[in-house]
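I am opening a notebook on a structure that is new to me, and I want to write down what I look up, one topic at a time. The sequence and the model come first, and my entries follow.

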Amino acid sequence: MQSRRSSSRSEPERVLSTWQMLEQFNPQQLPELTKRAASSTKQIIDWHPGDELPWSALPEHPVESADQSKKRVKKKPHEWRHTLYLGVYQIPDIYETLHKVFVDDDEAYDPRRGGVSAAAKIVLNSAGEISTGSQILSGALWGVGRAHNPGPRKPTWLDGFDLASQELADAIDKLQAERRDDARTSEPPPIDEVGLQQLVAVAHRTAGISQFTSFASTTVRINSLYLPTDSSPDDSDFLNSFILDDLVQIRRAASTSKPFGNALRDYLTPEGSEPRNRIDMINEPEEVDRLLGPERLPAGRWPSDPNHPLALSQQFAVNQAVTDLHGDSGILAVNGPPGTGKTTMLRDVLAGLVVERSRQIAKLERAADAFTGEKLRWKDRDEWTRIVHILDPELTGFEMVVASSNNSAVENVSSEIPARSALGRRWNNDADYFADLASHLTFDQLPKTAKDAEGSSSEPAAEAWGLIAAKLGKSSNRREAGQKLWWGDKDSGLEGLGTYLNDLRSNRTSPRRSWQSAKERFRKADDRVREMVEERRAIESRLIELNNAPSSLASATSRLEATEQQMRGLEGQLAQAAADGRDAHRLSDASQAEADRHLQLRPGFWENLLSGFSKLPTWRADHEKKIHLADAAHSSASHASQLHADIEQTMRHKRRAHENATRILDSTRKRIAWLEKRCAKDRVDLKGSLPREADDVEREKQAPWLDAQLNQARSDLFLAGLDLHRDLIENAAQQFYQSLMAAIDVMQGSVPHQLEADKRRAAWQSLFLLIPLVSTTFASVPRMFGPLGQESLGWLFIDEAGQAAPQLAAGAIWRFSRVLAVGDPMQLEPVMTVPAKASLDIASHYNVSDIWLAPRASVQTLADRVNRYGTRIGSGENGIWVGSPLRIHRRCDDPMFSISNAIAYDGLMISDVKRESDPQSDIFSTLRCQEELVAESYWADRPATIDGNHLQPDEINAFNGALDYLKKREIPDSEILAISPFKTVAEALEKATKHRPELKAGTIHVAQGRQADVVILVLGGAKDRPGAKAWASHNPNLLNVAVSRAKRRLYVIGDHGLWKGMSHFDRAARDLPRRSAPSARTTSS
């Protein structure tokens, strides 16, 4: 079923169209219900005909708690805003309908979202009047209607959503006109019960589902919020996919002459057009080594322990990003299996980029030169003028955003990076880049007074060292961040940016240091790193020379031997020439003597006369012959002399060549001896950080050139770079005061809806100069960055890219020049929200392959396939190309590491787990006596006894016994994960642990992004439902996630006989000891 018009469009356009349609079947869940309370500033209810309407029932000004009143910014005017979700329906009903329409498989185990959504959304003001243009039609429900009429058999069945959306707007306008006429007023009256039911009917009719009772619900969910009158609706008010508008915008841009930036262009590389000159990093290590030289090291480094350098694969990825991609644009993929240091790698990329911008800042003659002199202005909602000073282009392009489909993943990154615990001991106490403000923003911690410190006996709270990252994303996060950044906390005396910059610009306070001294301070740190890098480049040259020494020595020796051989040949030739010369001269002398003698015999006149004049002619003829012979002999003698002279000349040249070859050989031997001595000293000085001629395992454990001294200098430079950023802000306080005030407005969404993209971009660039990295989910990107278009910002880091459906990142990638995708396609696959058959049918409509569709495709797989550097995991049809793999694993003990490495990574990972604690205080250490040792990992065999249900009581009993055992062994609940592949089993685990909130339990999806000392995997599985086990084992991903979360112990509970024959689980069954019943040690205390 291929659309005619799709056949003439490029593959990227068709892919975008497919993604757009898939997102139409991806409705957002409605906000959860709340309790009705007159004192609340938020109420979410389900309204049914006959119920009271909130805009009539809620008090005009609710009674606020002290905390709510405190949070209200400057007591701005507030009012109620009511978001109406018309015709609430169950989201799973959409998929069940599509399931029937497309005749999906009978036993489908693909995870599908629950929750409710609605046919349409509309907003009312506090009086119950419709806000013009606030209506939104459900694309998912409209798609369901189209699936029934005209149905998938018609090529154009998925066309026309834009027209339907306009039809909804027109129908509401018509309804309002009728209500106005009926009321005989100039404006439509507030929505009453009848009007509300009419709106629901309009929504159902427009969506085309009026005849379907499961969808044509009369329930209306009403979200009532008491908000500032000038505020924008919260993100949760949006009904359809958050990324749908982005996909529409990008697809439309595809028709222009330059439809995409380089990153999105690479991401959408047509199938079959992937790079042909791939470099396999495992099979071609010399190509990797070539790109790890000291000249390619980023100048900045994260300030972690300088004695703990990055692994080779980590540093390779950092070099690729900071050294190569920074000077270009495009997409880079890094494959990060569990425990291989993805966040560690990202921190070094961040540090490298901060230093690169610092080097540009240090070139400024004056702090004010950071700006071009051009200003952008607009009026805020209160008619105050906002001004943004445009930054010098050399200082832009460094903006960094980390995004993911996983909210906890990005929040973890943005909270780990600023934490003081992320620093090495050398810098832990002193590093300070707006530290107090960062602690307030990141951990909600305020500076302690001396009195607070005296009365505190609790554990120290989390503390930030620098304003290096911020958790943004949804509007509530952005509003809170803006409030904390600009205003600080007056009660504790924490100064916000507003006061801080205002005092500086009004000369009430002075910058910490002058601009010239600030630059000199940074340059001193920079010069030290440059000098040390040059020293290591010299060392590298010496090592290369020493490595080539055998060849040089052989060449010099060969040259000397060749001259000696030539000399011996010439000596023979000279002797022969001398002998030939002597013979030639004797012959010449004899021939001349004979000619002279014959001359004396010349006939006289009378003798010639008497002979009748015959003797003289005869003599003459004889004499000419003798003269000729004499001349010939003389010539031969001269030639012999010349030959002898020539050979002597050649001999002299060869003697000089021999002497030179001897000197070269001697010099080469001396140079090699010096190189051996100097390189030996280099090895001592750099303490094992030189390139290693070792096996693959040892080579991978540490990148070359990362000695402690250089690591420390590069980390110092990073912190000096941040200090220079702060010095710039202080010395150009007037411009930054205005720009950052405007930037916070933009960040919070408190700007005119139609504010131009260039003004938003300039504001964001100013904010990123203060805070280098911010985090968000993909869902919040369109709301956060609004109309910013192609390549508007610098860097996008995609975390957990293997979990994200490929379309989720398209809009974000489009907005950025450089993209670094980090993830693992062997972890959890992207969740499909549309049944597989429906997805494939939509793709078929646009003639698109399933390599672009989840779950086969993810953001990571699309980025991996266009990465030149990588390797192949697996073989044949199951083999995949992964980009720049991180290989050193530092999380799991065996057998967890070996199981994961075997089932998912084809042996790619290398274990370098180091347990630093004292074995006697480590309850998991195998050096402890057996009685004290926590039971080693094993498989508790519990045969399935119940058909038709994945939940097996014997397994839950075993699980409860395991919990009791671990409690007796004093394993903290926070270090235990309890998981299952099946929801019914997971719910039982949650129920069994509900009284232990620190113990996380649920499906395997709960474990993604987490780790714990102990993982308990309760398999479940009914004997008569083999399809369920086939689903769980069809690829290694689920088991790999479960296994790779366990740092010290893995306990599998399940029917060994049923599972040992399943793919991937067979390896776990082989490596884990099987126990049919708990051992005495396990059950004892």
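This is a predicted model: local features need pLDDT of at least 70, side-chain atom pairs count only at pLDDT 80 or more; totals for chains, interfaces and linings use all residues.

**Entry: Asn477**

I looked up Asn477 and found it in helix α17, which spans residues 475–487. Is Asn477 buried or exposed? Its relative accessible area is 10%, and because the cut-off for buried is under 20%, I count Asn477 as buried. A polar atom of the Asn477 side chain lies 3.0 Å from the backbone oxygen of Leu472. When I set aside the neighbours within four places in sequence, the residues in contact with Asn477 are Glu411, Lys471 and Leu472.

**Entry: domains**

I then turned to the layout of the chain, where the domain assignment gives domain 1 as 27–60 + 76–240, domain 2 as 262–446 + 463–510 + 707–883, domain 3 as 516–691 and domain 4 as 895–1076. For domain 1 and domain 2 I noted that their centres, taken over C-alpha atoms, are separated by 36 Å.

**Entry: the annotated span 529–580**

In the UniProt record, an unreviewed entry, I found the annotation "coiled-coil region" on residues 529–580. In the model I see that this span is 98% helix and 0% strand, and that 72 Å lie between its end C-alpha atoms.

**Entry: His623**

Next I looked for His623, which sits in helix α22, residues 615–685. His623 has a relative accessibility of 12%, so I count it as buried. Which side chain makes a polar contact with that of His623? I found that it is the side chain of His598, at 3.0 Å. Not counting residues up to four places away in sequence, His623 touches Ala595 and Leu599 as well as His598.

**Entry: strand β3 and its partners**

I followed strand β3, residues 116–124, and noted that nine of its nine residues are buried. Strand β2, residues 78–90, pairs with β3 in the antiparallel sense over eight bridges, and within that pairing I find Val88 opposite Ala118. Strand β4, residues 136–137, also runs antiparallel to β3 and is joined to it by two bridges, with Lys121 standing opposite Ile136.

**Entry: the loop between α5 and α6**

I looked up Trp157 in the loop between α5 (139–148) and α6 (161–183), and with a relative accessible area of 0% it is buried. Trp157 and Arg146 are 11 residues apart in sequence, while their C-alpha atoms are 6.2 Å apart in space. Pro150 lies in the loop between α5 and α6 too, and I noted that the peptide bond from Asn149 to Pro150 is cis, with omega near 15 degrees.

**Entry: two open sheets**

I traced an open sheet of three strands with mixed pairing, in the order β6-β17-β18. Why do I call β6 (279–280) and β18 (880–883) edge strands? Each has a single partner strand, so one side of each is left without a neighbour in the sheet. The strands β6 and β17 (residues 869–873) run parallel and are joined by two bridges, and Ile279 stands opposite Tyr869.

The other open sheet I traced has six strands with parallel pairing, in the order β23-β22-β24-β25-β21-β26. Its edge strands are β23 (1000–1003) and β26 (1074–1075), each of which pairs on one side only. Strand β21, residues 938–941, runs parallel to β26 with two bridges between them, and the bridge partner of Trp939 is Arg1074. I also noted helix α36, residues 1037–1044, lying across β22, β24 and β25 and running at about 130 degrees to β25.

**Entry: backbone details in other loops**

Trp705 is not a glycine, yet its phi is positive at about 75 degrees. Trp705 belongs to the loop between α23 (696–701) and α24 (708–731), and at a relative accessible area of 2% it is buried.

Conventions
Residues are numbered from 1 along each chain as its sequence is written. Side-chain values use heavy atoms; hydrogens and water are left out. Domain bounds come from an automatic or database domain assignment. UniProt positions are given in the numbering used here, feature names are shortened, and annotations may be inferred rather than shown by experiment. Helices (H or I, at least four residues) and strands (E, at least two) are DSSP runs, numbered from the N terminus. Two strands pair if DSSP finds at least two bridges between them. Contact means heavy atoms within 4.5 Å. Axes are lines fitted to C-alpha atoms, for helices over the stretch in contact, and angles run from 0 to 180 degrees between N-to-C directions. Buried means under 20% relative accessible area, exposed over 50%, partly exposed in between (1.4 Å probe, protein chains only). A polar contact is a pair of N or O atoms within 3.5 Å; within protein, one must be able to donate a hydrogen and the other to accept it, and residues adjacent in sequence count only if both atoms are side-chain atoms.
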